[in-house]
Structure formats: C-alpha cells, structure tokens
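Welcome! Please keep the viewer open as you read.

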Amino acid sequence: MRKLPNEVSFNGFREESAPSGLEIHAPQGYRERPSRVAGAVIWTRSGVADTDIPVLPDGSMDLMWTDGGLSVAGPDTRAYHPPSGSSVEFAGIRFYPGTAPTFLGVPAHELRDSRVELADLWSPADTRRALELVAAARNPAAGLEAVAQWRAAQADPVDPLVRGIVHALRAGTAVAEAADALELGARRLHRMSLSAFGYGPKTLSRVLRMQRALALARAGVPLADTAAYAGYSDQAHLTRDFRELSGLSPKQLLGN
C-alpha cells in the first residue's frame, strides 16, 4: 500500500450520496460537530429529499431524535435511504465505531441494517429518563449528548481492543495481521467484531476502506491514486467495491 499524502486525514464521519439517475446533493441543513462523548459526533439535519445522498456504511451506530421520538440506527452493510419528507427534523449522536453497544446495552449484530425504536431496546424507566433529558435540553442534539453522557456514567468502559481493531483496519492492515498484532486470534476477533460492529472484520475492513477512499477522493486525490493509497488492487476494484456497498459509482458518490 502506498503512503498517504500528508495533508489527508480521516474523520470517521458518515459520508453520503444518492439514487442513480438523479442529480445528487448533500442533505439540506446538515451540520455536525464533535461531541463531549469520546469519539462521537453530534449532527442535525432538516428534511429529506429524493435526491439526497443516502447514508453509507461507516462502522458506526447512531442514537437519533426524529420529530419527538428516539430511535437507534444499527450498523449498515449497504446504503440507507431515509424516507423522504421536507418537514422532518433530525438530530443524532453518532458513536465511534464499535462503542455504541456499551452505551445502548445491545450487541451490534442484533441491530444490523435496521432502525429500531429506543423503547424496544430499553426499559420503560430508562426510555422515559432519556426523553426527559432531551426535553430538558436547549435542543434535541444537546439532549442526545446528555443521554449518552448519562449512559456512559453507568456503563463499563469500552474494551480498548475495540479501538485497536478500528485503528488497525482503518490503516489498511490485513485482517489476519490485525488479529496477530492485537493478540486476539481469528475466532475471537470475529466474535468481538460481531458484538461491537455488527459484522465480521472483513466487512468492517471493506467499509473503513471505502470511507478512507472517499476521504482521499474528496481531498482531491485522483481516483487511480486513491485506489492505490486506500489498498485496492486498482481503480476497477475500487469501483466494484463502491457499487457493492453503496449501489453507486465513485463519480456519483463524489457528485461529478
């Protein structure tokens, strides 16, 4: 794998795109900021149009507020298109990859490729407490952050190996090499990945590689060089992988 250009960095945030054949664009009113919860991101969004780019797999899970309700977005293995509606208001906290199960108390694989009401996962008392925290905050985004901080104070610390897995695979380390370097073994790495990320380490590696490639391409690196830097065998391999994970070509994802 080639060495990355010094000016390129990866933020781990969810990248987005849209249905083939339409003029795609970023969601209207989308904003995000770092959270006080380690590694998490707070985001807001106003409305959903048919031409908005969909949410792409990124190894993360979100706790979301939508028009007064609380729900959880599980880990995606394919692009997700939110139902369109110009009046819908969203806020969310996107947890660092692999850390959400500690906050939510649910293994990630149980929520893979799904959106679930928080009340279906938590006790009535805990759900009521979460709604009270959101209602008492200055806005829903701040309320979600308060919910995450409340849960963090109650939960056990996230296993450091989870971040080690992300760091290794995001850097392009092969799965077998990552298992050896972290002294996990292939079976334990697979079990940990299912619980923390919702799918096995090979899928996580592909997802993080796509996100790495998108960051490079959006920084202006030509696609052929992006493919080499991100660890694809060639540009055609990059294109096939993007289509399998997102349903879109790199040019569609990049809006050109």
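How many nonpolar, polar and charged residues are there in the lining of the largest pocket? Eleven are nonpolar, three are polar and seven are charged. Please bear in mind that this is a predicted model.

## The largest pocket

The volume of the largest pocket comes to about 350 Å³. It is lined by 21 residues, and those closest to its centre are Met-64, Thr-66, Tyr-80, Pro-82 and Phe-90.

Strands β2 (41-48), β3 (62-66), β4 (69-73), β5 (85-94) and β6 (115-117) are the elements that each give two or more residues to this lining. With four residues, β4 gives the most.

## The second largest pocket

Two or more lining residues come from each of α1 (100-104) and α6 (186-197). Here α6 gives the most, with four residues.

## Where α4 packs on α7

Helices α4 (residues 160-170) and α7 (residues 201-218) pack at an angle of about 55°, and their axes lie 9 Å apart. The two helices are therefore oblique to each other, and their crossing is right-handed.

On the α4 side, Ile-165, Val-166, Leu-169 and Arg-170 take part, meeting Pro-201, Leu-204, Ser-205, Leu-208 and Arg-212 of α7. This contact has six nonpolar residues, one polar and two charged.

How values were computed. Residues are numbered from 1 along each chain as its sequence is written. This is a predicted model: local features need pLDDT of at least 70, side-chain atom pairs count only at pLDDT 80 or more; totals for chains, interfaces and linings use all residues. Side-chain values use heavy atoms; hydrogens and water are left out. Axes are lines fitted to C-alpha atoms, for helices over the stretch in contact, and angles run from 0 to 180 degrees between N-to-C directions. Angles under 35 degrees count as roughly parallel, over 145 as roughly antiparallel, 65 to 115 as roughly perpendicular and the rest as oblique. A crossing is left-handed if the near helix is turned anticlockwise from the far one by less than a right angle, and right-handed if clockwise. Contact means heavy atoms within 4.5 Å. Ala, Val, Leu, Ile, Met, Phe, Trp, Tyr, Cys and Pro count as nonpolar, Asp, Glu, Lys and Arg as charged, and the others, Gly among them, as polar. On a 1 Å grid over the protein atoms alone, a cavity is a set of points where a 1.4 Å probe fits but cannot get out, and a pocket is an open set with protein on both sides within 12 Å along at least five of seven lines; lining residues have an atom within 4 Å of a point. Grid points are joined across faces, edges and corners, and a volume is the space filled by probe spheres set on the points.
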